[in-house]
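The following exercises concern one protein chain. Please work through each task with the sequence and the model at hand before reading its solution.

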Amino acid sequence: MEKISVAVRFRPPNPAAADSPPAGAGDREWRIDDTRVTLHHRAVGPVPGGPFVFDHVFDGAATNERVYGTVVRDLIGAVVDGFNATAFAYGQTSSGKTFTMNGSDVDPGIIPRAVRDVFDTVRQTDDREFLIRVSYMEIYNEDINDLLLLEGRKLPIKENLERGVYVAGLREEIVNSEEQVFELLQLGEENRHFGETNMNARSSRSHTIFRMVIESSAKNQTDSGDPIRVSVLNLVDLAGSERHNKTGAEGVRLNEAGHINRSLLMLGNVINKLSENGKQRGHIPYRDSKLTRILQPALGGNAKTSIICTAAPEEMHIEETRGTLKFASRAKCVSNCAQVNEILTDAALLKKQKREIEELRKKLQGSHSEVLEQVVLKLRNDMHKSELERDRLAMELEEERKLRMRLENHLTEQQKKLEGLDNTSISADQFTDLIQLDALKTPDSKYKPDGFVARRSRYSDDTDFSPIPENLDNIADDDLWTRLNKGCVTDLDMLEMTPGLKRETSFIQDATSAAPLEEPTDARCERLEKDCISVRQQLEESNVRCAALEKECALLRDKNSSLQQELSDSKREANLLVAEKQAQLDDSIARCVVLERELSMSRQDAERLVTEKQELAGELGVERQKMEELKQDIRVISRAFSQREGQLTSLYTKSKAILENCKASHVATLP
């Protein structure tokens with residue numbers, strides 16, 4: 001048993017996020033070291049709840065190269081050696097999952113680095129021969145789409161003993177270089193579903209699974225019974241969980257978010273069940289979601305698994321980050337049982353193709369090696385496509401068989417209903433029995449067309465029975481009848497009998513009652529011949545009636561089928577109208593969203609202009625106040641300068657007078 005490797009990666013703060021304060025401006029922050037994450041309050045200290053401890057924790061400065069080398073690189077060697085491996089990114093929307101998996105031109109992500117390492121490891125393994133095929137799919141609104149095809153066909157999930165859980169009809173390409181894989185990845189990214197929300201300009205709207213199937217066998221093996229190693233590498237980019245009040249999703253985006261959150265909830269339920277104690281663990285709901293169904297081997301199964309949980313450092317995302325860390329803590333308790341996958345049967349594609357390839361190599365030994373490899377690769381792809389086509393045809397044949405069985409059951413039910421309708425008609429034997437039964441009935445005394453109504457003119461409620469007379473004679477007169485009925489006289493004119501069937505002359509009636517005992521033989525033969533003719537005519541009439549009823553049933557059946565066809569056409573037209581109206585509604589919602597976004601931007605611009613105007617008005621007031629202060633200072637300085645000028649003028653006058661006095665006294669003292 002081996003624990004799932006769990007790492008947590010915090011992306012750098014996003015200063016461009018709407019309505020988010022700068023990083024470090026809130027009261028709470030996440031403290032990160034190598035294996036520990038703790039929520040701190042700046043004034044109080046650590047927030048209650050304890051630290052979260054994982055295998056690895058990366059801060060916003062970590063690169064994809066560091067994350068890959070620490071978490072995923074060891075999985076590549078295990079996959080080449082025959083172990084199944086899975087790595088996937090989990091977290092809220094806009095937390096950096098797609099960047100972690102795909103990366104950029106400057107800093108490639110886990111998927112391109114893993115592809116390069118797979119081929120580098122294969123080239124360095126000299127003692128084994130490898131066959132690599134890749135596929136790329138997405139789960140969009142709980143429908144599986146093949147990203148390498150433009151058909152848009154929804155693919156089902158199947159399971160058997162040889163392949164386990166797999167997606168039927170998924171295109172797989174055999175490759176022999178990383179450049180071919182990158183071309184397929186680029187094609188898949190073009191077909192992938194993306195959308196714009198308030199939190200991310202290019203938000204993933206589906207879960208994507210990039211899969212590499214690696215088959216290997218020992219080189220120069222002569223025994224066809226040698227095992228073939230078949231391993232699977234799954235690289236999963238999950239769509240992010242999101243809240244409507246933050247993303248502002250509406251219409252199609254809101255429907256997508258509902259499916260995404262539901263599948264992630266089912267993934268969380270599976271992790272919760274797997275993290276429980278073995279005795280307390282109940283049913284694991286892998287089948288509740290297609291995501292968990294496909295990832296079933298990676299969750300508690302035969303695989304080495306690494307989970308990278310991405311988180312946002314901003315304070316506004318603390319609750320979502322806390323939920324991601326709790327999910328990572330539960331996932332850290334899950335154990336897998338990974339083992340080398342070796343196949344002894346011919347189920348491995350490499351074993352099926354090896355004999356043909358060896359013969360082809362011998363025939364093309366003198367050709368150039370590059371041409372040989374291209375021809376081999378093309379033939380491998382053609383053979384694999386034929387295998388996939390055979391599987392697809394087998395699947396369609398099975399569906400046709402099920403459909404035929406349903407149609408046969410439906411036809412049997414319809415035949416039973418028709419037989420029930422036919423049984424309601426009178427057959428020839430039943431018709432003869434009715435005639436014979438009618439011949440044995442007592443004839444009616446009075447024929448009335450409808451109903452049975454009996455009314456008495458007088459009614460006595462004394463007793464429920466009549467007294468038995470003391471003396472009974474052989475003749476019942478009127479007086480005895482009156483005494484037996486307690487004086488109640490029946491009004492025979494108001495008595496209506498049950499209508500009798502029309503009596504027909506039959507062979508039994510004539511033979512038992514009408515025929516005399518000493519009837520001559522010739523007369524009796526003539527009478528019996530007439531009776532046979534009449535019975536034959538009655539049988540013919542009954543056959544005509546049966547044929548008419550059968551035609552009526554056929555007409556009803558045709559009418560029913562036509563009505564069902566009209567109903568199906570009406571449903572189809574209704575579905576088309578609903579789809580058209582839904583498309584129009586989605587377009588209207590999208591236009592409304594765009595208009596609301598433009599209106600919001602206009603309001604923000606107006607508010608910004610008002611704020612700038614207020615700021616400019618405040619600055620203008622400050623400048624005016626400074627100007628007034630400068631004018632006041634100039635007045636004070638001018639006043640002081642005038643006073644100083646007057647003082648200087650008076651000093652100059654005094655000094656001039658003193659100088660003149662000095663000159664005069666000096667002149668006077670001269671001889």
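**Exercise 1.** How many aromatic pairs does the structure hold?

*Solution.* The model is a predicted one. The structure holds three aromatic pairs. One of them is formed by Phe10 and Trp30, whose ring centres lie 6.3 Å apart with 45 degrees between the planes. Planes under 30 degrees apart would count as stacked and those over 60 as edge-to-face, so this pair is classed as tilted. Phe10 belongs to strand E2 (residues 5-10) and Trp30 to strand E3 (residues 28-32), so the pair ties together parts 20 residues apart in sequence. Both Phe10 and Trp30 are buried.

**Exercise 2.** Classify the geometry of the Tyr136 and Phe210 rings, and determine which strands they link.

*Solution.* The ring centres of Tyr136 and Phe210 are 5.8 Å apart and the planes stand at 90 degrees, so the pair is edge-to-face. Tyr136 lies in strand E9 (residues 128-140) and Phe210 in strand E16 (residues 207-218); the pair thus links distant parts of the chain, 74 residues apart. For burial, the cut-off is under 20% relative accessible area. Tyr136 has a relative accessibility of 2% and therefore counts as buried. Phe210 is likewise buried, with a relative accessible area of 2%.

**Exercise 3.** Compare the span of helix H6 with its expected value, then identify what covers its buried residues.

*Solution.* Helix H6 comprises 24 residues (252-275). From first to last C-alpha, H6 reaches 35 Å, close to the 34 Å expected at 1.5 Å a residue. The buried residues of H6 include Glu256, Ile260, Leu264, Leu267, Ile271 and Leu274. The cover over the buried residues of H6 includes strands E8 (85-91), E9, E15 (203-204) and E16, together with helices H7 (290-294) and H8 (318-331). Strands E9 and E16 thus contribute to this cover, and these strands also carry Tyr136 and Phe210, respectively.

**Exercise 4.** Describe the protein as a whole in terms of secondary structure, burial, contacts and surface.

*Solution.* The secondary structure consists of 14 helices and 20 strands. Of the 671 residues, 32% are buried. Among contacts between residues at least 6 apart in sequence, 72% join residues at least 24 apart. The accessible surface amounts to about 42,700 Å², with 53% belonging to carbon and sulfur atoms.

Notes:
Residues are numbered from 1 along each chain as its sequence is written. This is a predicted model: local features need pLDDT of at least 70, side-chain atom pairs count only at pLDDT 80 or more; totals for chains, interfaces and linings use all residues. Side-chain values use heavy atoms; hydrogens and water are left out. Helices (H or I, at least four residues) and strands (E, at least two) are DSSP runs, numbered from the N terminus. Buried means under 20% relative accessible area, exposed over 50%, partly exposed in between (1.4 Å probe, protein chains only). Contact means heavy atoms within 4.5 Å. Accessible areas come from the Shrake-Rupley method with a 1.4 Å probe; for residues, only the protein chains shown count as cover. Rings of Phe, Tyr and Trp (its six-membered ring) pair if their centres lie within 6.5 Å; planes under 30 degrees apart count as stacked, over 60 as edge-to-face and the rest as tilted. The expected span of a helix is 1.5 Å times one less than its number of residues.
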